[in-house]
There are 2 protein chains.
Amino acid sequence: MSEEQTDIAPEPEAAEDDAYALDPKTIASIVYAVDVSDRDKLVELLDPLHPADIADLIEQLNAFDRMRLIRLYGAEFDGDILTELDEGIREEVIGILNPKVLADAVRDLDSDDVVDLLEDLEEPQKEAILEVLDDPDRIAVQQSLTYPEYSAGRLMQREVVMAPEHWNVGEAIDFLRNSDDLPDQFYHVILVDPRLKPVGKVALGKLMGSRREVLLNSITDESFHVIPVSRYEGDVAYAFNQYHLISAPVVDETERLVGVITIDDAMAVLEEENEEDILRLAGVGEESSLSDSVIATTRQRFPWLAVNLVTAVLASLVIAQFENAIAQLTALAVLMPIVASMGGNAGTQSLTVAVRALATRDLTGSNALRVIRREVVVGLVNGAAFALIMGIVGLLWFGSAQLGGVIAAAMVINLVVAGLAGIGIPIVLEKLGVDPALASGAFVTTVTDVVGFFAFLGLAVIVLL
Amino acid sequence: MSEEQTDIAPEPEAAEDDAYALDPKTIASIVYAVDVSDRDKLVELLDPLHPADIADLIEQLNAFDRMRLIRLYGAEFDGDILTELDEGIREEVIGILNPKVLADAVRDLDSDDVVDLLEDLEEPQKEAILEVLDDPDRIAVQQSLTYPEYSAGRLMQREVVMAPEHWNVGEAIDFLRNSDDLPDQFYHVILVDPRLKPVGKVALGKLMGSRREVLLNSITDESFHVIPVSRYEGDVAYAFNQYHLISAPVVDETERLVGVITIDDAMAVLEEENEEDILRLAGVGEESSLSDSVIATTRQRFPWLAVNLVTAVLASLVIAQFENAIAQLTALAVLMPIVASMGGNAGTQSLTVAVRALATRDLTGSNALRVIRREVVVGLVNGAAFALIMGIVGLLWFGSAQLGGVIAAAMVINLVVAGLAGIGIPIVLEKLGVDPALASGAFVTTVTDVVGFFAFLGLAVIVLL
């Protein structure tokens, strides 16, 4: 790898004006229209916006403006805005909406979007929405809700375009052109055997570009993945990303085709999983969002801080063993946080790489030992470098070569331990079925704090006192 | 938000056996085939695997096995494996490949994949690959390389399916069916005006389901986004994710259609950006991967550790001001890391939420003040809770109510400062054009360390001594 590649990427035109619909001026005009209750103006301003942008806007307003905007916007409120909203805000908005507007909004949605909406609602709101649906829609939604949460069954669309495996291109095209109710968005025709088991898929572009007499099963996509209805959505997203899938058929326990998942749904899941990983690594509840209340936010963050308090007290107990040494040589108290802090940072580096590699399935049994060895050697090399630096700092600052030597030795020990703990703890947690993103941080910093203080103060007692 | 929602998500069948192609048994069989140089067996084992899985396998092997596998696999080596490989490993593999095999592998690739391949190679390897391409391909690749790195121009495919805006469905279908060279994968027909400016797009499914006399411009997709060729790829990925795009036309400065970007490319960029954010937050070079060497890894991690050393020394300088106090009351040395550590963790929580919200564009001028206020109040509430806990711990441990009061007060101060710094520093860095994911961590922990030690030791001097 060349050194240039590790530089920060230049970001061409990252701040281009027209890249996002929601500029501050538009937001200000919308808030003004709400302030003066100018309904025509509000509709005119919101009309050109994508539902996703309107949802973002609603999230960014304070609760009072939000309520006024929704009331003023009235019947124009689109069901798609609801599906784009953050869960917390969504409940609030559903509470504000006029029941008739809500009914119209929900009736316009595809059944998989209604499922997505209902999943996160409290029971009374859920009932209210189910009631406004037409019978067939309600039954489809209720059936989807029987699949486990976070499963492919919840993610899939039920509308599927399929064809018998023995058809040719002409038959498929005639069939499609004579269908009344094709889904709005579909990209493949799924080939099925007589028992409705999917056996391949043909891209629409390929279908269009082939002669009528060509057999469908001779122009199927090279890579074909079938997803069991109970598969975890994170694994579905992984498959889409790994194999560059655009859509994939979903089958039940008897291998019968029951639905199809498209890449946009998979992309949304991937984004959520990444978000979860980042927030879990930082000890923030993964459901957190900017629009959460103070109470919700405080509650989400408290548990991790409580865990951290326990580990910090553990580290303090180590220090307490050396109170006499510190009383004799206060330089120890001055320098000891440096050793712990460096270990904590090095540990976090290893840990983050390990957690990511586990999430992307790059870290497996076959390379784990090699990666552990690498982390330990990296800890040793960086440890030696910083030992030298801190040894000199210790010498110059406190005029004691021995003190410099002690901090240098402690630094090497702690950085090696940091590498080992940073890679080893996530691997062990994964083996135990615990999400490494959630729990590794606390364990790793406990190890580096305890080892850091113990190594530094312990060596100091042996060498200096 | 209900409490249940903050629990860890149950993961149905996360460990299902057939979810991934690369199980340890398959890997072991492949390594064995390489060990005994059984070429037929190796080809038989690798044949059913997707190139992405073969690439993962190659990354997981050690350098020696990797070389042997590639030599044994020989002419079967597919170009798609190259595009799936990590950059670091890719250079190594290209160096191992027989030049004739490399030439065949590269010639099979689409031009945008060749561009992706060349971007990361050193000059001699780049030249070697350009040389084996046919003239038209080489020209297409060289032209793509004239667009800035990380721009839409690098990401797009040049093969575009377009139709004049005034055509009807019948004309479009006849045109498509008579084309010889349709791209393998395309999902929309892009409508253009006489100057080749894109004015809309028609989904293939919609085209198939509409009568022949229907005008194309009456069945265009509701949401239509045109991407300038120079737009930053991160912004492109954001648009795909925000607006659920499947494909989008790319235009040059004169608004002429020059290419198309599809969702799978956008998904790959989104994944890279997320990876970068996570690794930058942890102070790991964003180009890092599990297959990097010890030297590359050490180099990537050193700078952040060096920054951390500076901040740790800064914090130590604060402690050094209070050496007398510590000599008189060593309990201060025991307790002071707790205050700093809690502040650091609370700061990291706020910081992570802020960095993510900036990346997803949920944190804007219109809600920044509200979010800052929320973080400060959360800091105050959690600060008060932990102040109470630590006050009691301090009292019980050291039998001094005053010491308990001092650590309690310092805790409140530091957690409020942590909330403020955690949210404020990323916002300021973003305003200054610095990636907040890259630099915020160091600043925030410096603030919480310095404030933590200063508040605790300073109050101790005033109250206790």
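Me: Which residues make the nonpolar surface patch of about 550 Å²?
Reply: The model is a predicted one. In this model, both chain A and chain B contribute to the patch. Its members are Leu388(A), Ile389(A), Ile392(A), Leu395(A), Leu396(A) and Phe302(B).

Me: Which helix gives the largest share of the nonpolar patch?
Reply: Leu395(A), one of the patch residues, is found in helix 19 of chain A. Five residues of the patch come from that helix, the largest share. The element asked for is helix 19 (residues 368-398) of chain A.

Me: Is Leu395(A) buried or exposed, or in between?
Reply: A residue counts as buried under 20% relative accessible area and as exposed over 50%. Leu395(A) has a value of 37%, so the residue is partly exposed.

Me: How far apart are the end C-alpha atoms of residues 405-429 of chain A?
Reply: An unreviewed UniProt entry places the feature "transmembrane region" at this span, and also at residues 376-399 and 441-464 of chain A. Residues 376-399 are 96% helix, with end C-alpha atoms 31 Å apart. Residues 405-429 are 100% helix and 0% strand, and their end C-alpha atoms lie at a separation of 36 Å.

Me: How much area do chain B and chain A bury between them?
Reply: The contact involves 157 residues from chain B and 157 residues from chain A. Of the area buried, 60% is on carbon and sulfur atoms. The total is about 13500 Å².

Me: How many salt bridges does the rule find across the interface of chain B and chain A?
Reply: Arg356(B) forms a salt bridge with Glu275(A), with the closest N and O atoms 2.8 Å apart. Across the interface of chain B and chain A, the number of salt bridges found is six.

Methods: Residues are numbered from 1 along each chain as its sequence is written. Chains are lettered from A and ligands numbered from 1 in the order in which they are written. This is a predicted model: local features need pLDDT of at least 70, side-chain atom pairs count only at pLDDT 80 or more; totals for chains, interfaces and linings use all residues. Side-chain values use heavy atoms; hydrogens and water are left out. Patches are made of residues with over 30% relative accessible area and no salt bridge: like charges are joined within 9 Å, nonpolar side chains (Val, Leu, Ile, Met, Phe, Trp, Tyr) within 5 Å. Accessible areas come from the Shrake-Rupley method with a 1.4 Å probe; for residues, only the protein chains shown count as cover. A salt bridge is a side-chain nitrogen of Lys or Arg within 4 Å of a carboxyl oxygen of Asp or Glu. Helices (H or I, at least four residues) and strands (E, at least two) are DSSP runs, numbered from the N terminus. Buried means under 20% relative accessible area, exposed over 50%, partly exposed in between (1.4 Å probe, protein chains only). UniProt positions are given in the numbering used here, feature names are shortened, and annotations may be inferred rather than shown by experiment. Contact means heavy atoms within 4.5 Å. Buried area is the accessible area (1.4 Å probe) that two parts lose on being put together, summed over both.
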